[in-house]
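Reader: Could you walk me through reading pockets and aromatic pairs in a model?
Author: Happy to; let's look at the structure together.

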Amino acid sequence: MLVALLLLLSLSRAIEAGGEENDARLCDSKVVLEPRPHSVSITEFGAVGDGKTLNTIAFQNAIFYLKSFADKGGAQLYVPPGRWLTGSFNLTNHLTLFLEKGAVVVGSQDPAHWGVVEPLPSYGRGIELPGGRYQSLINGYILEDVVITGDDGVIDGQGSAWWGWFTDKSLNYSRPHLVEFISSQSVVVSNLTFLNAPAYSIHPVYCSDVHIQNITVYSPPESPFTVGIAPDSSHKVCIEDSSVRTGYDSIALKSGWDEYGISYGIPTSNLHIRRVHLESSTGSTIAFGSEMSGGISHVHIEEVQVYHSFTGVDFRTTRGRGGYITDISITDLDMEDVHLAFRATGQWGTHPDDKFDPLALPVISRISIRDVAGRNISVAGELGGIMESPFTFLCLSNITLSLDSAPSHSWTCSDVSGYSSSVSPEPCTELQAGKPCVESSLLRSIYDQGSTGTGEAAGM
C-alpha cells in the first residue's frame, strides 16, 4: 500500500515538475525559517542524554504528540545538550527538529533498532543486497514543511559497526542512511554536522523543494562506499555553503536503477550546488550515476573546492541503464591533489538482476565544464562513451590543470565528441575537431544572471 501511494504521489509531482521553468539558480531563493508556535523538549518524554539509554520510544512519542499541532502552525522538537542514543524514528508534517549546540543524536549499533523496510520502487531491491533495506535513522514519508536544523548539533550514525558488517558480508539487508526523505516537499536541512553514516548521510528521494545549507558531513577515508548527499529522483534541490568529506562520493546524483528506474520514470532535475568544499577518498566529489535510469538534467554547479580526492567530476553509466544525463553546467572549480580530474564512462556499475534490457542505452549529452584550476593532478580526463550511444556535446573551456605526470598521457577518449577552448593540457582530438557548442536555455540563463568566471562560453 505504501509503495502504491508513493508511486501515485511521485508521478503527480513529476507531471507538475515537467511544466515548470528550469530553476538554474535555485539557491538564490533564500529560505526563511519561521519560529514554530509550539515547542517541546525531548526530555519531557523521558529521554536521557547519557549516551547509554535507548531513547527511540521517547522520540517516537514526542513526534506522535506533535502531530496534533500540524494544523496549528506546526511545532518544534527541541534536543538539548547530551548524547541521545536512539534507533529509527519518523518525522511528521510542519515539524522542526532542533539540535542545540552540544546535542548529539547517536544511532544505535544494534540492527534490531533500525527496522527493515521495502526497497525503493525505482530500484526494485536494496542497493547492496536483494530484498529489503534497513530503515534510516531519521525518516520522512510523504511529508510537507519539515526542518532538521540546530545550533551546530550533531547526528552521529556510529557507522563503524555497519562498515565492518558490510565488509565481511554478514548483513542480510542493505545498510541504512542517516536521514532519508521520501516523496516529501519543502524540506530544509541546515546548521548541523553529520558523522559516520552507515551508508549515505542525506538521501532525498522523490522529493521537491529541498534546501541543504551550512552543514558538515564527515565519514573517515576507510569507510566503505559512504556517500555524503545523494539527491535521487528529486526536483528543485539546493545544496550550498557546506563541507562534505566521505569515504566514497561526496555528492552523488541518482534517479533509479535499470528497468525499475526506467519504469518509475522520475528524473533528478533542477539542481543548484554552490560554495561547497568536497573530499572523497576512493570515489568522486561530484558523481552523476551510475544509477540514473530515470534521467538527470538541468544541473548547475558552481564555486566548488575539490581537495585530496580520487576523482573530481564523474559521469557514470552502462548498457542497460537507459535514462539520460543532459544540460549540465559546471563552473568555477578549484582542484588540488586529485588523481583524476574528469571522468565519463559507459562501462560502470552492476545490474540489480538479469531482467534489464541490454538495448536500453543511456544518452549523455550537453555537458559544459568551464573555469577550472587544478594543481597536483595526476590525470586530466578519462572519457569513454558507448559505441552504440556515444557521449556528445562535451564542452570544455578555460581549464588549466597542473599535472604531476607526463602531459602526453593526460587525456584518453573514445566514443565521445565535443569542443574545447583554452584547455591545458590540450585534450584529445575528439574534443578539438567539433564545432563550437550552441548554448542551451539552461546555460544562457546561468550566464545571463552572472555566473562566475571569465572564460569563453562553451554551452550546448
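Reader: How much space lies in the largest pocket?
Author: A pocket is an open set of points on a 1 Å grid over the protein atoms alone, where a 1.4 Å probe fits, with protein on both sides within 12 Å along at least five of seven lines. Volume is the space filled by probe spheres set on the points, which are joined across faces, edges and corners. Here the largest pocket holds about 620 Å³. Its lining (residues with an atom within 4 Å of a point) has 27 residues, and Ile 127, Glu 128, Phe 166, Phe 225 and Glu 291 are the closest to its centre. This is a predicted model, where local features need pLDDT of at least 70, side-chain atom pairs count only at pLDDT 80 or more, and totals for chains, interfaces and linings use all residues. Residues are numbered from 1 along each chain as its sequence is written, and side-chain values use heavy atoms, leaving out hydrogens and water.

Reader: How many aromatic pairs are there?
Author: A ring pair is described by the distance of the centres and the angle of the planes. Rings of Phe, Tyr and Trp (its six-membered ring) pair if their centres lie within 6.5 Å; planes under 30 degrees apart are stacked, over 60 edge-to-face, the rest tilted. That rule gives 13 aromatic pairs. Tyr 134 and Trp 162 are edge-to-face, 5.0 Å centre to centre with 70° between the planes. Phe 166 and Phe 225 are also edge-to-face, at 6.1 Å and 70°.

Reader: Which residues form one aromatic cluster?
Author: Trp 114, Tyr 134, Trp 162, Trp 165 and Tyr 173 do.
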